[in-house]
Each structure stands twice: as C-alpha cells, then as structure tokens.
Amino acid sequence: MKMSIHRRQISRRSILAGATALGLTSTLAACGGSDDDDSGESSGPVKLTYWSWAPNMEKVAAIWNKKNPDITVTVSKQASGGEIVSKLITAKKAGNAPDLIQAEYQALPTLVSNDVLADISKYAGDTKSEFSEGLWGMVTLGTDAVYGIPQDAGPLMFYYREDLFKKHGLSVPKTWTEFAEVARAAKKALPDAYLTTFSANDPGLFAGLAQQAGGKWWTVDGSGKWSVAIDDAGTKKVAEFWGGLVQEGVIDNQPMYTPAWNNALNKGTHIAWVSAVWAPGVLVSSAPDTEGKWRMAPLPQWKAGENVTGSWGGSSTGVSTDSKHTEAAAKFARWINTDPEALAALVKEAGVYPAAAKGQSGDVLTTPAFFPNQKDFYTTAAEIAATTAASAWGPNVQTAYTTFQDQFGKATKAKKEAQFVSALSTMQSKTFDDMKKQGFEVTEA
C-alpha cells in the first residue's frame, strides 16, 4: 500500500508563505533561493562545506574527493536535532550557511520556510527512481521542488523476544488488534512484565505510528494556506489505542532510554519494542545479555492485509541557498546517496541504513551480530522500507514535539486514556496557535 503526501501542485512560494514573520526578506524576489536562481557556478576548482552529524562522514567524502579533485567536500561535524536547525537558520541570516546540509526529514519545512534550502529539482535527474514513493515525498514536501536527496531511512518494525514468545505461546501480532491481545496474554503469562511501553520522551515514534495510521499533521494548498490536523482521525486512533492499553495496565508507561528501561529490556520485563531499523544498535548497549534472543517482524497493521509502515528518523542531503556552487553541491548530494560505492561507505563508515533501494541489500549489509538467528534481517527490512508512508511535516515541528513531551508525559503518568486524547488536542491547539503567531496563513483541518 502506497500513500502519497498532500497535493502536488504547490510552489516554493507557497511553502515560504509566512516567511516575513520569521524574519526573512519581505519579497521572494529578494530571497537567495527563489525559483529562478541560477546555480552561481564559477570556473575553476570548487570547494564545498558539508554540515553533518553522522560519524565518519569525512571518510565517505574522501572517496568523492579522490575521484573529483575539481570539487572537494570538507565535512564539518555538527550536533543533530534542533541544534543544527537553529544554527543553520542563524547562518542563513548571516549569509554564510554551508553548501551542503544533512537535514532530518521533519526539519525540511522549517528550513525551507526560513529560505535555507535550495530547490535542486533541475539537478536531480532521474534520482526519484532510486527511492520509494514515501521517502521521495519527504524531500519534495508535496511540491514539484526537490529540497534534498534522501540519505537514510528509519522504517518502523516490531522487535520481540523470540525465546519468551515461544516459551509462553505468544503469537507475533499482524494487526494492532492482535497486538492488544498479545499484550494481555503476555501480562497474564508474566505478571511482573509487559509486552512493551508507551514512552513520551521521544515524539518521533508516536509521529511514525500516526504516519502509518494515515495521519497528515500539516498540509498546505496552492495558495500557501496551511492546515494543521495533528488531532486527525488516524492520530486520534493511535492515541486512544495506546492510552487504552496503558490504562488497562497491560502496557508500561515508562520512558525509553533510561537505566530502568535498559534493565527492563535486558532482564526480560519488556519483551518487545516497536522501533526502527536501527534498533539492533540500541539493543547492543541497552540489553547486552539478550544477544541472539530477539527477532524482527513487520509492524502490525490497522487492517488485516494492509502493508504500510511509518518511519522514525531519517535524513536527507540538501543544498543551501547561500551556496555559490549549487550544481556541484547537488552532484555530490546525488552521488553520496545513490552511488553504490558511496552507499556501501555510508553503511560501513557512518552506520547509515540507506534510503536508496539499491543500498538496502548487498554484502555490506551483513546480518546484525545481535540477531544471528535472523539471516534475512536486511532482506525483510528492505521489503518493509518499501512500504513507508509519506509524512506531512510543517514549519513548526519542534513546537508540536515539545508539547507532545509535556502533555503525553503527564498522560502516561496518569494512566488515563481520556488524558491521552486531551493531550493530543493540546498538541493540536498549541501547534496551530504557534503557526498563527509566526504569521502563517493557517486553518484547523
């Protein structure tokens, strides 16, 4: 099942609506990233700077530099998340943003609305064919523009303790209804344990689950009017589902990434985890005593027979509107995310799970050492990744995420389904109000 992002015929000018209130120039004609910009190319050797947080990215760039002495790329290590977004916006205002940017998918609308990212569609060629529809939709924002080349993907999956499932006769759930049944059965078989937890300290997982359920939190029409629908039917269904299980007492309410959470995974008092393709790397450090005991399966579906997943994480390589060498930078962005040698290096050196379909298989992607019992791990992962639904991000994701942490944090402690629903309503209202305050033309869907 493939799901497309919102309407396609949206211009860059629509995405930039509200930019004046964000402190940008008052007319798009004055913006460095207008639709009609030329590439700013000049003769002679080109030197590009690439801001990235991925480990060992300079080793990947070195492969390019050796083969392309006329276009050299220097990697500048940065922090990830909101820190790099803020730093990029500040650099743009000063007119010295780097040529190349590693940008998380959910940060793209914020960067575009602040005129940080250039439209590189005329340099993208047939790159679109390298990626699933859902992943490509994340870098176009539903427009004809291309604001980055997908680099890594984080498709959601279901991880479970195979040994404990077999011991207690638990079935791997194929639907969320079955997931709830397994949660109840697990609690009955292991009174001191839970199937898993609902965590309020990382909004990315909840966003991915909403994405799978058809949630489209932000959309924008051809005139530049935004709609905010964080409390849409799909997302409300997710909130009610998890809130109900927490209230029932069959799903834990503890946050992830704490010593207590690590201990629950390691000791078998949490026997499953809804996570992404990168989960094995977390389990190595969080649950070292459980090596060889886990297995991965596709995410449960809302309807039997469906085949769609959400994503948790992932990033792209974009080109800044400040770059004087747009075409050269776009050439590197294509290479690092589609060339077989570059993709292999991203896996080996940077620990990246490539977004490009051809990078999701091959000898370089060996079975994770923590999953020796699942030789088809990456074959299955590639099949799941191909079903990733397109997300619909907006220009104030951080407001939504901060509100999620606050409101759902309170709801999980209260263990009340009704409070999960009211937390979602608060998330909606605060996100909507923030967009109005910033000067965007916005309605509530």
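The structure is a predicted model, and the values below were computed from it. Helix H13 (residues 326-338) is mostly covered, with 10 of its 13 residues buried, and strand S3 (residues 100-104) is likewise mostly covered, with 4 of its 5 residues buried.

- H13 packs against helix H14 (residues 340-350) at an angle of about 65°, and the two axes are 5 Å apart.
- Angles of 65 to 115 degrees count as roughly perpendicular, which means that H13 is roughly perpendicular to H14.
- On the H13 side the contact is made by Trp335, Ile336, Asn337 and Thr338, while H14 contributes Pro340, Ala342, Leu343 and Leu346.
- Sorted by class, this contact of H13 with H14 has 6 nonpolar and 2 polar residues, and no charged residues.

**The open sheet of S5, S6 and S10**

- In this part of the model, 3 strands form an open sheet in the order S5-S6-S10, and their pairing is mixed.
- The edge strands are S5 (218-220) and S10 (442-444), each of which pairs on one side only.
- From one strand to the next, the twist averages 25°.
- S5 and strand S6 (residues 226-228) pair in the antiparallel sense over 3 bridges, and threonine 219 has serine 227, in S6, as its bridge partner.
- Helix H17 (residues 417-438) packs on the sheet and touches S5, S6 and S10, with its direction making about 160° with that of S10.

**Strand S3 and its partners**

- Strands of a sheet pair through backbone hydrogen bonds, either parallel or antiparallel.
- Strand S1 (residues 46-52) pairs with S3 in the parallel sense over 2 bridges, and the bridge partner of tryptophan 51 is isoleucine 101 in S3.
- Strand S9 (residues 311-319) is joined to S3 by 5 bridges, and these two strands run antiparallel.
- Within S9, serine 316 is the bridge partner of alanine 103.

Conventions
Residues numbered from 1 in each chain as written. Predicted model: local features only at pLDDT ≥ 70, side-chain atom pairs only at ≥ 80, totals over all residues. Heavy atoms only, no water. Buried < 20%, exposed > 50% of the residue type's maximum accessible area, 1.4 Å probe, protein only. Pairing = 2+ DSSP bridges. Axes fitted to C-alpha atoms, helices over the stretch in contact; angles between N-to-C directions. Contact = heavy atoms within 4.5 Å. Parallel < 35°, antiparallel > 145°, perpendicular 65-115°, else oblique. Nonpolar A, V, L, I, M, F, W, Y, C, P; charged D, E, K, R; others polar.
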